[in-house]
Each structure stands twice: as C-alpha cells, then as structure tokens.
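Subject: Structure for your attention

Dear colleague,

Please find below the structure that I am handing over to you. My notes on it come directly after.

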Amino acid sequence: MNRVSTTGNYSTVLANLMAASQRQVNAGEMVATQKNGQDLKDFAKDAEMLTAMRAVETRLTGFLDQNKMIADKLTTQDFALTQVTTAAQNTREAIEQALASGRVDTLMQDINGYYRNALEGMNTRYGGKYLFSGGKIDTRPVEGEKLADLTTLYPTVDEFFHNDDFVVEAKVDDSTSVRTGILAKDVGADMLQLYKDLQEFEEGPLGPLTGQLTEDQKTFLTGVLGQWDDLHSDLVNHTARNGTVQARVEAVKSDLTTRSDSLKGMIGGITDADMAQAATALQQAQLSVQAAAQVFLSLQDSSLLNVLR
C-alpha cells in the first residue's frame, strides 16, 4: 500500500507544474522564433548535416554576390563597347553621306566628335577603375583628346595605349571561370589608325576636307569607307563576345539561385517549426500549467493542517 502524505503530494504537483511551465516556455520560443531550436545542440541528430549544408549555403551566397558584381561590370562594359561601336558606325555614315552629297563642310568636325565619344567609351570606369586597362586599373588606357593629337603626340598609334596585357578572369561557380577583361588596345588600335589616316589626309597636300569634294578626296574617302565597314564588324564582334559572357554568367547565376533556394528549403525542413503544431503545443502547455496550478491550489485546501484547525 502506497503511503500518501501532504509533502509527497506537494512535491509531485510542483514537479508537474515546473515541467508544464518549461514546456510552455519552449513552445512560446518556438512560436516566437518559428524555429525548432536556437543552436546545434537542439538539432543533435542533424547537427553534422546542418553544418555541411550551412557551409555549402555560405559558398553559394559568396558566388551569388560575386556574380552580381560581375554582371554589373559586364553591363557597364557592354555600354562602353556599344558607345565605341556607335562612334565607328557614325563615322562611317558621315563619310558615306559626304560622298553622296559631294560636300564635306562639317565632316571633320563631326568625325572629331565621334572620335571623342570613342575615347570616352574606351576610357570607361567601373567602381572608379578603368575597365579596359588590364591590370593597370588606375591608368587611363587611351591618351588623347582630339583628332589632331593623333598626328602630334606620338609617331605611332600603339603609343597612345597604356593598358598592359593582363586579362581579368573570374570564377563564377565551383567549376566555371569566365574571361571578363577586354583590353583597350584590342578594341581601339585599328580604330585610332583609321582616325589618324583621316587626320593625316586632312593635314596633307590634298586637304583640308572642306566645301566641295575634289576627285582625289572622293577617291580617298571611297577607299577608307570599306575599312570602316570592316572595323565596325570587328567592334560588333567584341560587343557580342561580351554579351556571350553576360549570358553565361546569368545562366550560372540562375543555377546558383535554384541550388541556394533548394538548400534553404532543406535546411528549413530541419530547423523551421511547424507553426500549426507549435501553436497547438503552446495551448496544451498553457492548459497544463493552469491545470497543475489548480491542483496545487486544491491540494492546499485539502491539507491535513486545515482539518486540524
């Protein structure tokens, strides 16, 4: 026969009350944080898997952040290349229109403006660094301000370029690297030579190019028109290659995003609380606390001391 005592009853009820209170605290934290636990010890059986998945998630996040910067850089590079390509196209069209009209009243002034646009494109910066300088990111890759500089500053076009030969590469995921760098000399050397040829003709015995075209001037401009066509095609190819890299980076970024979302779902499947279940557990814990407290009060009323009074 079990012995019943007031002290024993108090101890049992108090233990139940404390246990119910702790369940209420735990359920309340689960509802508040929407998590099954606060640290790895709360996920003991899954701790190793969670650690591994967190490491992969951190690496994927790093690649995603880097790919965003690379994509922004490539977009800026695309604008710059498009500006250079447009300058070449406008120059070619100006020469063609001059030949069609037989007059070159403002031809060289217009071409001088297109030349400055081309220089601006090749000297584009991203994040305060020159895009087309290779490794010399703080050095302006192309020198000069106007067409006349091409015949006065240096004897050869190559001397106008100050980029080195370093071509930037970037790793966009664990197994993929892309070449994002383009050198100003590769883009603009032929272009500056054609501009120099125009300026030398302008300053030569058959110039200047003003007013009505002479036969010699027509012959010269007709000859360079095809060269500008070829140059424009080359610049379009440079822009297209940059676009190909952009598409590849975007594809990798999309894949990384899918993998990251999937991984977050797997981690959430372990760490995220079932809110319906958590809310139910909280209600049950609150009822348990109330019930234990009521029993505790009832036990006070049924104490032997009350009988002996």
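The model is predicted, so local features are given only at pLDDT of at least 70 and side-chain atom pairs only at pLDDT 80 or more, while totals for chains, interfaces and linings use all residues. Residues are numbered from 1 along each chain as its sequence is written, and side-chain values use heavy atoms, with hydrogens and water left out.

Overall fold

The chain has eight helices and four strands; helices (H or I, at least four residues) and strands (E, at least two) are DSSP runs, numbered from the N terminus. Read from the N terminus, their order is α-α-α-β-β-α-β-β-α-α-α-α. Of the 309 residues, 37% are buried, where buried means under 20% relative accessible area with a 1.4 Å probe, protein chains only. The accessible surface comes to about 17,400 Å², and carbon and sulfur atoms account for 53% of it; areas come from the Shrake-Rupley method with a 1.4 Å probe. Among contacts (heavy atoms within 4.5 Å) with a separation of 6 or more, 75% are between residues 24 or more positions apart.

Nonpolar cores

In soluble globular proteins, nonpolar side chains tend to be buried together. A nonpolar core here is a set of buried Ala, Val, Leu, Ile, Met, Phe, Trp, Tyr and Cys residues joined through side-chain atoms within 4.5 Å. The largest one has 43 residues, and M122, M191, L192, Y195, L198, L221 and W228 have the most contacts inside it. Two or more residues of this core come from each of helix 2, helix 3 (107-122), helix 5 (184-203) and helix 6. Helix 5 gives the most, with nine residues. Beyond its neighbours within four places in sequence, L221 is in contact with I95, L99, V104, L107, L198 and L213. Another core lies apart from this one; it has 14 residues, including F63, L64, L74 and V178.

Pockets

A pocket was found on a 1 Å grid over the protein atoms alone, as an open set of points where a 1.4 Å probe fits, with protein on both sides within 12 Å along at least five of seven lines; lining residues have an atom within 4 Å of a point. Grid points are joined across faces, edges and corners, and a volume is the space filled by probe spheres set on the points.

The largest pocket has a volume of about 370 Å³. Its lining has 19 residues, of which K73, Y126, K129, L131 and V168 lie nearest the centre. Helix 2 (47-101) and strand 2 (129-130) each give two or more residues to this lining, and helix 2 gives the most, with four.

The second largest pocket holds about 230 Å³ of space. It is lined by 13 residues, with V167, R179, G181, I182 and R241 nearest its centre.

Two individual sites

S260 lies in helix 6 and counts as buried because its relative accessibility is 4%. Not counting residues up to four places away in sequence, S260 touches L60 and L64.

P208 is in the loop between helix 5 and helix 6. A cis peptide bond joins G207 and P208, with omega about -5°.

With kind regards

Key
Buried means under 20% relative accessible area, exposed over 50%, partly exposed in between (1.4 Å probe, protein chains only).
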